[in-house]
Structure formats: structure tokens, C-alpha cells
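Please look over the two-chain entry below before reading on.

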Amino acid sequence: MATLVISQSPVGGFSFENCKRNAVLEGEANKVGCSLPAARKTGTTICGVVFKDGVILGADTRATEGMIVADKNCSKIHYISPNIYCCGAGTAADTEMTTQIISSNLELHALSTGRLPRVATANRMLKQMLFRYQGYIGAALVLGGMDCNGPHLYSIYPHGSTDKLPYVTMGSGSLAAMAVFEDRYKPDMEEEEAKRLVRDAIAAGIFNDLGSGSNIDLCVITKGKLDYIRPHDEANKKGVRRVNELEGDRPTGDYKYKRGTTGVLSKTTLNLEVVEETVQTMDTS
Amino acid sequence: MISSHTLADPGKMRDYHYTGPVEHRFSPYSFNGGTVLAVAGEDFAIVASDTRLSEGYSIHSRDSPKCYKLTDTTVIGCSGFHGDCLTLTKIIDARLKMYKHSNNKTMTSGAIAAMLSTILYGRRFFPYYVYNIIGGLDEHGKGAVYSFDPVGSYQRDTYKAGGSASAMLQPLLDNQIGFKNMEGVQHVPLTQDKAVQLVKDVFISAAERDVYTGDALRVCIITKEGISEQTIPLRKD
């Protein structure tokens with residue numbers, strides 16, 4: 001009796017072999033003492049709330065690389081379509097590229113249908129993409145917008161699950177922001193009250209979470225009107241170095257260097273010889 | 001009879017479900033953040049620290065200064081694991097009292113530094129997770145700064161930064177106080193006012209970029225008249 005070994009038929013779908021390879025490489029790098037460059041994460045507090053006439057999205061503006069602030073004023077509310085915006089937490093590159101890909105596909109889709117895109121469509125596209133990558137795309141999103149069926153708000157997790165809710169928060173500061181929402185959210189709020197609520201939720205994240213900071217950005221989406229308010233609230237101004245009386249010829253607190261402070265070791269000048277000169281006009285209209 | 005062996009699928013993700021009991025070690029240490037800085041002048045010394053106590057992404061306290069007064073002429077700044085900071089300062093206080101009672105005089109800054117080195121090395125194999133910097137006046141009334149590592153190695157410095165933002169502050173101090181990497185600059189000795197101003201500016205900048213530094217800055221200025229303290233606010237986010 002012959003025992004046949006049937007070779008494996010080619011498996012469809014994605015191969016995640018590179019992830020194992022990356023883990024091995026990281027282990028080897030750590031053995032030598034160096035570490036691979038860390039992806040920039042956004043730390044972050046993002047949130048969204050549905051009010052009487054629409055949806056308000058809010059976000060802080062700090063991007064961290066480890067525990068150092070990489071960007072003090074980055075924009076976390078991304079454009080998807082004229083009536084749909086998306087806040088992103090997690091790996092900065094992932095949120096940026098994912099929202100851009102879906103925005104582009106949604107625009108093509110809208111041209112094909114001839115209708116204004118719906119929030120549920122953007123949600124479906126985002127979750128299907130994130131699920132396809134099995135959580136390796138570290139993007140946690142708050143998707144909000146206004147379409148023919150009214151205001152909609154979704155939270156989307158990196159593995160591809162979504163929740164449709166009247167108020168959501170994501171990011172490292174989500175607990176601080178959710179505490180504010182659970183205290184003061186009411187259905188059918190007015191616009192000003194809802195803006196104050198979102199502002200306070202993000203402020204709670206900014207002041208109580210080390211991964212979030214700087215300013216508060218807001219995006220108010222209603223039927224026919226879009227307000228992208230950046231910054232809505234400059235909650236933290238850059239510290240001012242105090243300028244005291246003059247010392248010598250410059251005030252203290254001024255850290256500029258005089259010309260010549262950087263020593264020049266050597267200088268070589270190459271004289272270029274002009275061989276030919278022509279003029280070519282260019283139409284700049 | 002034909003049997004088929006399905007080879008282990010190389011492309012398939014090992015699913016990360018229950019893998020059996022995994023031992024999680026209890027870590028006796030935790031990192032509570034904070035930055036300390038000390039500068040020695042001709043007849044003064046400055047010890048400054050921020051007042052934020054944090055753990056992970058949370059803040060425990062916005063008002064927990066890391067400078068501790070030891071004698072009328074010495075202040076110590078401790079950052080790292082707050083539990084060990086508290087215990088270490090208690091031990092130093094007790095040892096100072098013992099010295100006072102047996103030798104009938106207060107310990108000098110240099111003596112405190114030498115003693116701290118032996119206290120820290122005594123725990124060489126279960127260290128105090130504390131980065132110490134002592135600032136004070138020596139026997140001749142000149143400013144002195146002693147910087148330590150967690151197991152007791154120390155040296156006398158003119159200026160030193162320690163703690164979470166030390167890598168950001170130390171190069172700036174090297175340039176502004178040590179006049180490093182500059183040419184054709186007059187080496188003017190540091191006045192007390194300029195030093196205090198520099199310390200404040202340097203912490204304002206550190207609070208911009210380090211998440212563990214912020215809330216408020218406590219500056220202790222040690223002169224032969226005594227120890228004066230100032231508190232200035234920093235970014236709270």
C-alpha cells in the first residue's frame with residue numbers, strides 16, 4: 001500500500017510570514033542592544049457625540065514617539081467626504097493612510113452612484129479593510145457624518161469590529177473623556193451645549209492622560225454645513241521663557257548665538273567659470 | 001489506502017488564544033517620572049525639580065516635589081521610583097541625626113555624598129531605583145553638586161540633570177553653563193540670577209516635549225543665608 005503525501009494546495013488570502021520575520025529581527029536587534037525605530041503613535045483622546053442637528057467630533061493634537069512629544073499640533077480629524085469626517089487614534093501612519101484610502105474609494109463610489117456618500121458605507125469599507133489585515137493596521141477610529149438618513153456615529157477598532165452609538169471615545173485618554181460623557185450626555189442636545197461637552201471631554205483627556213495634550217480640535221457636521229474648527233480651544237500655550245533686563249547687549253532668556261560661535265575649521269571656494277548664458281521663456285499662466 | 005498528510009501550513013497565523021498558564025513576574029519597581037537638576041555657582045547652589053508624580057499614562061499627583069532638605073546647606077533631589085525615594089530620604093535623615101549625636105556637628109555636603117554612596121552600594125543586588133543629585137555648599141562656602149547612579153557611583157560636578165528629561169536638559173546645560181561646542185565666547189562666571197533664570201527656561205522647554213515633566217517647578221536656592229524656595233507653574237497637559 002502506497003502512502004501518498006498530497007502537497008498543500010496554495011492557500012488564498014494574506015500571508016503574515018513577514019510578521020514572524022519582523023519579530024525575529026527585533027529579537028536579534030535587542031540582543032545586540034539596539035532597538036528598531038518605534039512607529040509614531042498618537043497617544044490621543046478622540047471622541048464623538050450625536051446631537052439634535054448632527055454630529056460633533058473632537059480630538060487633541062499631541063503625537064508621541066515613546067514618551068516624547070513628536071508633534072505638538074498634529075491634526076487627528078481626517079476628511080473622508082464633504083459630509084463625513086473621521087478621528088484616528090493608534091499608529092499615526094495607519095490612521096492617516098487608511099482614512100485617505102477609504103476617502104479616495106468613497107469618492108469614486110459616490111461618482112458611480114451619483115449620490116452623497118453614506119456614513120454606513122464608509123463604516124463598512126473601513127471595517128472590511130481592517131479585518132482583512134487582522135489587527136496589524138493599528139488604527140482605532142471614530143467615524144461621524146451626516147447623510148440622507150440623519151446623523152450617524154461609529155467607533156471602529158483595529159481588528160475590524162464597529163459599534164454604532166450616540167457617544168463614543170477612543171485612544172489612551174478614552175476613559176477620562178468617557179467619564180465626562182457618562183456624566184453629562186443627554187439625547188437631542190443643542191449645538192452649543194454639545195460643543196461644550198465635547199470640548200470638556202477632550203480637555204479631561206488632555207489634562208489627565210500623559211499621552212494626550214496641547215489643543216482641542218472640533219468638527220461640527222450638520223445638514224448642509226460643516227465647521228472644521230482647528231483649534232477650537234488652545235488649552236495649553238507654549239511656556240514663555242521670561243525675558244529679564246538686558247545683560248550686556250542682549251536680554252536674558254534669549255538663546256540665540258552670535259555669528260562665529262560655531263567654529264569653521266576650513267573653507268574652500270570653487271570659482272565657477274561662466275561658459276554660456278541663455279534665456280528660455282516659460283509659460284507660467 | 002491512501003493517507004494524506006497535511007503539512008503544517010507555513011503561511012497561517014498561529015492563533016493567539018489560550019496558550020496555557022504563563023508566569024507573570026511581579027515587578028518590585030515602577031517608574032514614577034520626574035526630572036531633577038542641580039547647578040553649583042561660586043557661593044550658591046540651586047536644586048530644582050518638577051512636581052509631577054506619574055505612573056504609566058496616569059498622573060498620581062501634580063504637587064509632589066522631588067527636592068528634600070537635608071541640612072541648612074544641603075538639598076537632595078531624588079527621581080525614579082517614588083517608594084524608594086521616600087525610603088532613601090528617611091534613611092538619610094536618620095543617619096544625619098546619628099552623625100549629629102555622635103560627632104556633635106552637622107554633616108557637610110561632601111560627607112553626605114560619601115555616605116549616600118555607601119548606602120546605595122549596600123543594596124547593590126536589589127538597588128534603590130533612584131537617581132540622586134545632591135546640591136549644597138561645601139566647607140569653604142562654594143557651591144557643590146554631587147551626582148549619583150542607582151548603585152552609588154558618584155562624582156562632584158558643576159551642573160547635572162537627572163530623571164526622565166535628563167537627556168534633553170544635560171546637553172543644553174553643557175552648552176550654556178559649560179560653554180561647550182561654542183567658540184569665541186567669553187567664559188563669564190554664572191551669577192545667581194542668571195542661573196535661576198536658566199533653570200526656569202530649561203524646565204519650560206523640557207515640559208514641552210517630555211510627557212513626564214510638567215505641572216510645576218520647585219527651585220531651591222542654597223546660599224550661606226539659608227535655603228529659599230520658589231514655585232513656578234509649568235504646562236499641565
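How much space lies in the largest cavity? The volume is about 30 Å³, where a cavity is a set of points, on a 1 Å grid over the protein atoms alone, at which a 1.4 Å probe fits but cannot get out, and lining residues have an atom within 4 Å of a point. Grid points are joined across faces, edges and corners, and a volume is the space filled by probe spheres set on the points. By this rule the count is one cavity of 30 Å³ or more.

This is a predicted model, in which local features need pLDDT of at least 70 and side-chain atom pairs count only at pLDDT 80 or more, while totals for chains, interfaces and linings use all residues. Residues are numbered from 1 along each chain as its sequence is written, chains are lettered from A and ligands numbered from 1 in the order in which they are written, and side-chain values use heavy atoms, with hydrogens and water left out.

**The cavity lining**

The lining of the largest cavity is made by Asn32(B), Gly33(B), Leu53(B), Lys66(B), Cys78(B), Ser79(B), Gly80(B), His82(B) and Cys85(B).

**The nonpolar core**

A nonpolar core is a set of buried Ala, Val, Leu, Ile, Met, Phe, Trp, Tyr and Cys residues joined through side-chain atoms within 4.5 Å, and buried means under 20% relative accessible area, exposed over 50%, and partly exposed in between (1.4 Å probe, protein chains only). The largest such core has 25 residues, and those with the most contacts inside it are Leu37(B), Ile46(B), Leu169(B), Leu173(B), Val199(B), Phe203(B) and Leu217(B). Strands E1 (35–40), E2 (45–50), E10 (159–163) and E11 (216–223), together with H3 and H4, all of chain B, each supply at least two residues of this core, and the largest share, nine residues, comes from H4(B). Leaving aside its neighbours within four places in sequence, Val199(B) is in contact (heavy atoms within 4.5 Å) with Leu37(B), Val39(B), Ile46(B), Ala48(B) and Leu217(B).

**Paired strands**

Two strands pair if DSSP finds at least two bridges between them. Strand E8 (residues 143–148) of chain B is largely enclosed by the rest of the structure, because six of its six residues are buried. Gly143(B), Val145(B) and Ser147(B) point one way from E8(B), while Ala144(B), Tyr146(B) and Phe148(B) point the other way. Tyr146(B) stands opposite Ile134(B) and has Arg156(B) as its bridge partner in E9(B). In the turn between E7(B) and E8(B), Gly141(B) has a positive phi of about 85°, and in the turn between E8(B) and E9(B), Gly152(B) has a positive phi of about 110°. In chain A, strand E5 (residues 77–81) is mostly covered, with four of its five residues buried, and His78(A) stands opposite Cys86(A) in E6(A).

| Antiparallel pair | Bridges | Residues between the strands |
|---|---|---|
| E5(A) and E6(A) | four | two |
| E7(B) and E8(B) | five | five |
| E8(B) and E9(B) | four | five |

**Backbone geometry**

Most residues other than glycine have a negative phi, and most peptide bonds are trans. Ser214(A), with phi near 65°, lies in the loop between helix H5 (191–208) and strand E11 (216–222) of chain A, and counts as buried because its relative accessibility is 3%. Asn181(B), with phi near 55°, is placed in the loop between helix H3 (166–176) and helix H4 (192–209) of chain B, and counts as exposed because its relative accessibility is 77%. The peptide bond from Arg230(A) to Pro231(A) is cis, with omega near 0°, and Pro231(A) lies in strand E12 (residues 225–233) of chain A.

Key: 1 Å grid on protein atoms, 1.4 Å probe; cavity = no way out; pocket = protein on both sides within 12 Å on 5 of 7 lines; lining within 4 Å.
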